[in-house]
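I opened my notebook to look around one structure, a step at a time. Here is what I looked up, in the order I looked.

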Amino acid sequence: MLDLTSLVYALIVGFGIFGLDAAWNATTVKTDFIVSDTLGSAGIKPEFATVVFAREMQEVFSTPSLVRAPSVRSSHDKTFVTILADSIGFKNATTAFQDLFGMEPVAIIATLTTEGSLPRLEIVGEAGSRGTFYLSLESEAGENSVSLIRRGAVEAAIHLDPYHTALYLLDPPVGDPDVERARRVLDRALAAQGATAISAERARTRNLRGIVALLENDKTLAATLFEQAIADDPELASGHLNLAFTRVEQDRYADAAMIARHVLEAKHHALKPELIASAHTINGVVAWEQKRYQAAERHFAAAAKAEPTVSDAYYYWGRMLTEIGRTEEGAKKTRQGEINLTYFENYPEVAQLYFWLTVEDNVPLQRRPRRKSGSVR
């Protein structure tokens with residue numbers, strides 16, 4: 001038998017374990033599927049449908065981001081704590097903790113049926129603070145059950161987390177970006193958000209909406225959205241970087257340099273290396289445009305030191321060196337930039353992932369190539 005001290009210790013440890021599991025599950029989307037007998041007899045089993053749905057949603061939420069995305073698991077995936085609770089007869093421990101501390105878990109139940117000879121998908125979701133949503137999707141021309149399930153996962157992801165779904169639409173692992181759909185998702189999200197004085201969520205959404213404006217070649221709207229994002233959250237480093245980027249594109253070089261310096265000097269920003277590299281790259285391009293070549297080279301070198309896999313800094317560095325007659329060195333820097341395109345170097349919240357900075361005046365935005373196949377994400 002346990003003595004009193006051991007019993008108290010066991011209770012504390014158990015409390016902590018179940019509490020951690022409850023917190024983890026509060027940011028985890030739990031999915032479950034019901035499949036009609038007709039489709040079940042045709043080989044579409046609930047377990048299979050659940051896995052397809054969960055994996056597609058995992059793909060959506062796996063896009064690299066500066067903001068933590070939800071995790072996804074199917075109802076068939078049991079955590080260690082769930083197995084432990086079942087083994088000792090302490091069922092619903094996670095749910096009890098969530099109720100106790102006001103956590104709002106997210107759950108989805110999908111039903112796959114047939115309408116005539118075509119599959120139909122109905123989804124009911126409990127999206128935590130976003131409330132309940134319902135989707136009814138009919139099979140499109142040539143769409144089988146598996147494709148319908150995958151499409152349903154993306155539609156559900158829009159309701160659960162429009163921000164990360166928009167990131168996925170703008171920077172998909174395969175295929176072309178769906179800019180128009182991302183714009184619609186973000187506009188709906190902004191319309192649904194409140195008007196508090198400072199809102200980190202609204203700031204992030206406006207920043208991403210500014211990226212969409214740049215992708216649609218509207219620099220004026222993009223600059224306004226980045227300014228609004230910074231007003232919503234003055235510590236949003238990506239908003240500052242994107243505004244600096246846009247100022248370069250608007251030929252307002254002094255403003256761009258000042259904003260980029262602010263990002264580097266603001267000690268309250270816990271900057272990721274990719275963002276440090278972005279700020280130095282912007283300053284390097286501005287210095288290059290102003291023919292301050294030594295200063296530009298220092299900034300490009302600082303960008304490469306902060307994030308060795310950066311490609312754009314090496315590209316600009318190489319172009320500048322070639323321009324001033326250091327042709328062999330310039331070619332080496334340019335090749336290094338090409339090599340680095342195989343690595344993940346920045347986040348889709350940052351405009352420099354999508355565009356080249358241009359030092360020429362009054363020219364349209366120039367799109368960068370997509371990451372090369374097999375790149376590290």
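Before anything else, I wrote down my terms: a residue is buried under 20% relative accessible area, exposed over 50%, and partly exposed in between, using a 1.4 Å probe and protein chains only. I am reading a predicted model, in which local features need pLDDT of at least 70 and side-chain atom pairs count only at pLDDT 80 or more, while totals for chains, interfaces and linings use all residues. Residues are numbered from 1 along each chain as its sequence is written, and side-chain values use heavy atoms, with hydrogens and water left out.

**Entry 1: the whole chain.** I found 16 helices and 7 strands in the protein chain. These are DSSP runs numbered from the N terminus, helices being H or I with at least four residues and strands E with at least two. Of the chain's 377 residues, 49% count as buried.

**Entry 2: positive phi in loops.** Most residues other than glycine have a negative phi. Asparagine 217 has a phi near 65° and sits in the loop between helix 9 (200-215) and helix 10 (219-232). Its relative accessible area is 43%, so asparagine 217 is partly exposed. Aspartate 251 also has a phi near 65°, in the loop between helix 11 (237-249) and helix 12. Aspartate 251 counts as partly exposed because its relative accessibility is 22%.

**Entry 3: alanine 257.** Next I moved into helix 12 (residues 253-265), where alanine 257 has its place. Is alanine 257 buried or exposed? With a relative accessible area of 7%, alanine 257 is buried. Leaving out residues up to four places away in sequence, alanine 257 touches Asn283 and Val286; contact means heavy atoms within 4.5 Å.

**Entry 4: helix 13.** I checked the length of helix 13 (residues 273-289): its 17 residues, at 1.5 Å each, should span 24 Å, and the end C-alpha atoms are 24 Å apart, which agrees. The expected span is 1.5 Å times one less than the number of residues. Just after helix 13, lysine 291 has a positive phi of about 60°.

**Entry 5: a helix pair.** Helix 15 (residues 312-323) and helix 16 (residues 327-340) pack at about 165°, their axes 7 Å apart. They are therefore roughly antiparallel, a label for angles over 145 degrees. Among the residues that meet are Tyr314 and Trp317 in helix 15, and Thr327 and Gly330 in helix 16.

Definitions and conventions. Axes fitted to C-alpha atoms, helices over the stretch in contact; angles between N-to-C directions. Parallel < 35°, antiparallel > 145°, perpendicular 65-115°, else oblique.
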